[in-house]
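Visitor: Please take me through a single part in close detail. Keep it brisk.

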Amino acid sequence: MEKTLTIIEFMKRFGSEDSCKAFLTHQKWGEGFCCRRCGGTHSVKGRTRHHRRCGSCRFDESATANTLFHKIKFPLPSAFAMVHLLTTTKKGMSSCELARQFGVHQETAWFFKRKVQKAMQSVETGVQLVDNVEVDEVFVGGREEGKPGRSKGSKSLVLVSVEVDYSDPTRKKGKLKRCNAKVIDDASGETLKRALEDSVDHTAVVTTDGWKGYLTALSGRWHNVEESTQGANFEALHWHIFNLKNWVRGIHHHISRDHLQSYLHEFNFRFNNRLQRGMQALHILTTMATTSKTSYLQLMAA
């Protein structure tokens, strides 16, 4: 069994600027150099051992340039530690708590957290749920005066899908394997169809409640319809929804609709990779080292 990578072991490995840059250098250019300016593939040593200089146009580039660590405003060991906490802590951390723990401004912590969420989105993109899948839609948002329960108000509608393993007869509600949560505009058949095509494999057996929109969305698929009976027939799914809503309320208190999907990418990634025994951070760090830089305005627009 692979040993768990604890925060102590992680910081022993990435406790200095040099060790962090060495990791980024290997991930960025380990499979070969390509100059961003001229496309050249031959490089020589740059002004430091963590720089590469193009042999053709002499353009000098650092290990963090044009990555999600581009022009970072605080030390790299702190950034690496933030990634470890965001990926391995069971419920993650808010930007306010990150700011307090690492002594940076809340806006700085929020901006970096959004970059980590972008890497999480990249890892999860294209991965679909298979076998037995249960689906339901839910409103996510804080309490509003005069808008109790499932009343929409300014809440966001989220389609939640879970892959459930019923092979163990001792588990009444089944074992959750993977999940996907996606913000949707409405619960019409066409909207549900587009969302499910992105997240659920076409060969999966999909079980839903009797909402008529699913009849259109799942036309041509293996589709089971069961009455919800206040969640009794979808116990595993509704426990997952309960945990999702508690995570939003307990850790973040409120997430605007503009950024909710990014936070759902974080929730999906952490749940789907919960068995990696502390190695999730290395996966995200590698993705951040090979993903092009993103500006504040681009993240806000997204």
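Visitor: Which residue follows helix 5, and what is its phi?

Guide: Gly-126 follows helix 5, with a positive phi near 90°. This is a predicted model: local features need pLDDT of at least 70, side-chain atom pairs count only at pLDDT 80 or more, and totals for chains, interfaces and linings use all residues. Numbering starts from 1 along each chain as its sequence is written, and side-chain values use heavy atoms, with hydrogens and water left out.

Now the helix itself. Helices here are DSSP runs of H or I, at least four residues long, numbered from the N terminus. Helix 5 covers residues 106-124. Its 19 residues should span 27 Å at 1.5 Å a residue, and the end C-alpha atoms are 27 Å apart, so the two values agree. The expected span is 1.5 Å times one less than the number of residues.

Next, burial (under 20% relative accessible area; exposed is over 50%, partly exposed in between; 1.4 Å probe, protein chains only). The buried residues of helix 5 include Trp-110, Phe-112, Val-116, Met-120 and Val-123.

Look closely at Arg-114. This residue is buried yet has no salt bridge, meaning a side-chain nitrogen of Lys or Arg within 4 Å of a carboxyl oxygen of Asp or Glu. The nearest side chain of opposite charge, Glu-266, is 8.6 Å away. Lys and Arg count as positive, Asp and Glu as negative; His and the chain ends are not counted.

What does Arg-114 touch instead? Beyond its neighbours within four places in sequence, Arg-114 is in contact with His-259, Ser-262 and Leu-299. Contact means heavy atoms within 4.5 Å.

Definitions and conventions:
Helices (H or I, at least four residues) and strands (E, at least two) are DSSP runs, numbered from the N terminus.
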